[in-house]
Amino acid sequence: MKENGMSRRETMKALGLGGSAGILGLFGGTPDARAADHDTPQYARGMKPLTIKSVRAIATAPQGSNLIVVKVETSEPGLYGLGCATFTQRAEVVLVAINTYLNEFCAGRDVDNIEDMWHAAYVSSYWRNGPVLNNALSGLDQALWDIKGKRAGMPLYQLLGGKVRFAVPCYTHANGRTPEETVESVKKIQEQGYRYIRIQQGGYGAVGSTTKKPDFKEAGFGGATDNYMDENAYLKAIPILFETVRKQCGEEVELLHDIHERVQPMNAINMIKKLEAYRPFFIEDPFSPENMKWFKLLRQSTTVPLAMGELFNNINEFLEPMANQWFDYIRIHVSQIGGVTPAMKVARLGEWFNVKTAWHGPGDVSPVGHSAHAHIDLAVWNFGIQEAVQFNDKTLEVFSGCPTMKNGYMSVNEVPGIGVDIDEKAAAKFPITTKSNWQVRKFDGTLIRP
C-alpha cells in the first residue's frame, strides 16, 4: 500500500465512507462503463409493465358455424392476443358480453396477471357461469395467454411446462346410414393414418337412419326442421354397428361412440354393457348433466371407459365425479369452461385420480380454440385423446397458423403464443347468423335432451 502511495487509513476510508466510488476506482470504471462492456442478458431483464388497451370481439362463419374470437390489444403498439369465445348457438349475446362489459372491465389492467384477471371477471357479475359469460371469459383468458407467450418468446405449451409428447394423437368421425356404410368410412379414415375413430350410424341417435315419418309430424306438431329419434331402433343398432366394424376393420383400431345424452339412463347402461365385447376406447356422454348420479350405477355395471363433461359450465362440476372416478376422460369444451386457466386446473386434478383429458373439438370451435386445446394436450401428462379438426379453404383464408393434421396427429404452429392469427377483412366476408335449431323429438313430439 505504501508503494501505491496509500496508507492503511486511506484504504479503509475508500472501502467505507467512500466505498462505492473507492471500489469502482480500484477495480476500474463506472457502472455505465461496465454496463457498456457487459450487457444484461435477456433472461435477466424482465418485462416492462403492460396494460390492456381494449377488448373486442370478431365474429365470422367461414365454415358455416358461428365463430367468435376475442382480440385483446395492449399498450404496446402492435402487441395483441387472440382467444376463442365461440358459443355458436347464441353468438350475438356473447358479442355484447365482450364488447360492452369485458372491454370496460379490462381497460387499464395489468396484462400479465391472468389468474387475478380470471377470478375478477368470474365473480364481477356476481352471478357466475353460463355459456355466454364463460365463453366471453374464455376468449379473454386465451388471449392473455397468447400475449404472455408472445412476450416470453415461447409457444403456449412451453409456458405450461413443455412437451410431454411430440404431437397430439386424435380421433375423427366415421358415419353411415348402415353398418356397412360406416365400415367403408372407417377404412378410408384408417388409410389416412388414424388409429382412433368414432363410429356413428345415421349421426347422433341414428336420426339419419330413420325413414318413418313420426306421429308428431303427421299431427303438425313441433318445428318443420325438428328431427325424429327412434330410441329402441338406436339401442338395437349400435351393438350391431360395433360388431360389424370390429369384425371388418380389425382389433387394432380404437373405436369410440357418442350417445349424446339421448336415451334414458337405464337404457344407456344396458346398451353399454352389450358393447363390452367390442372393447370401446370410450363411450361419450351416456347421461345428461341432470342425471350425473346414474354414473355410480353405470360404473358398477360395466368396465367400458366413459367420457363426460362437454356441457359442464363450472370447473367444480368435475370434482365429485373425478374424485369418485365415475368416468375416465375429461370431455371439456375449453371455451365453455372458461379458458386455459380453468382447463389446466381440471387437467391437473385428473392426474391425481387417473382421469385423462379428451377436449371437445367440434367444428364450432375457432382455430384459435383448437390450437389452445393442442397446446394443453402437448403439456399435460394425463392426456388421453383429442378430437381432430379439418379446416376448409375459407377458414384458412381467415385464420393463419392453424393447427395441422398428419397421420392422425395434430401439431401446432411453433411460434410464440397460441400461434394463430386472424385477417379481419377476410373474416368480415363471412357474417354470422342468429339461426339455431337443433331439436330432436320422440314419436309423440316430446323433446329429447341432447
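Tutor: Start with packing: the buried residues of α8 pack against β4 (168-176), β5 (196-201) and α10 (231-249). Packing here is contact, heavy atoms within 4.5 Å. Helices (H or I, at least four residues) and strands (E, at least two) are DSSP runs, numbered from the N terminus. This is a predicted model, where local features need pLDDT of at least 70, side-chain atom pairs count only at pLDDT 80 or more, and totals for chains, interfaces and linings use all residues. Residues are numbered from 1 along each chain as its sequence is written, and side-chain values use heavy atoms, without hydrogens and water.

Student: Which residues of α8 are buried?

Tutor: Buried means under 20% relative accessible area; exposed is over 50%, partly exposed in between (1.4 Å probe, protein chains only). In α8 the buried ones are Pro179, Thr182, Val183, Ser185, Val186 and Ile189. They line one face of the helix, because they fall within an arc of 165° seen down the axis of α8. That arc is taken from the directions from the helix axis to the C-beta atoms.

Student: What does the face of α8 turned away from its buried side carry?

Tutor: Exposed Lys188 and Glu191. After α8 comes Gly193, with a positive phi, near 100°.

Student: Why does Asn134 count as buried?

Tutor: Because its relative accessibility is 3%. Asn134 sits in helix α6 (residues 131-152).

Student: What does the side chain of Asn134 reach?

Tutor: The backbone oxygen of Gln336, at 2.9 Å. Leaving aside neighbours within four places in sequence, Asn134 also has contacts that include Asn129, Asn313 and Ser335.

Methods: A polar contact is a pair of N or O atoms within 3.5 Å; within protein, one must be able to donate a hydrogen and the other to accept it, and residues adjacent in sequence count only if both atoms are side-chain atoms.
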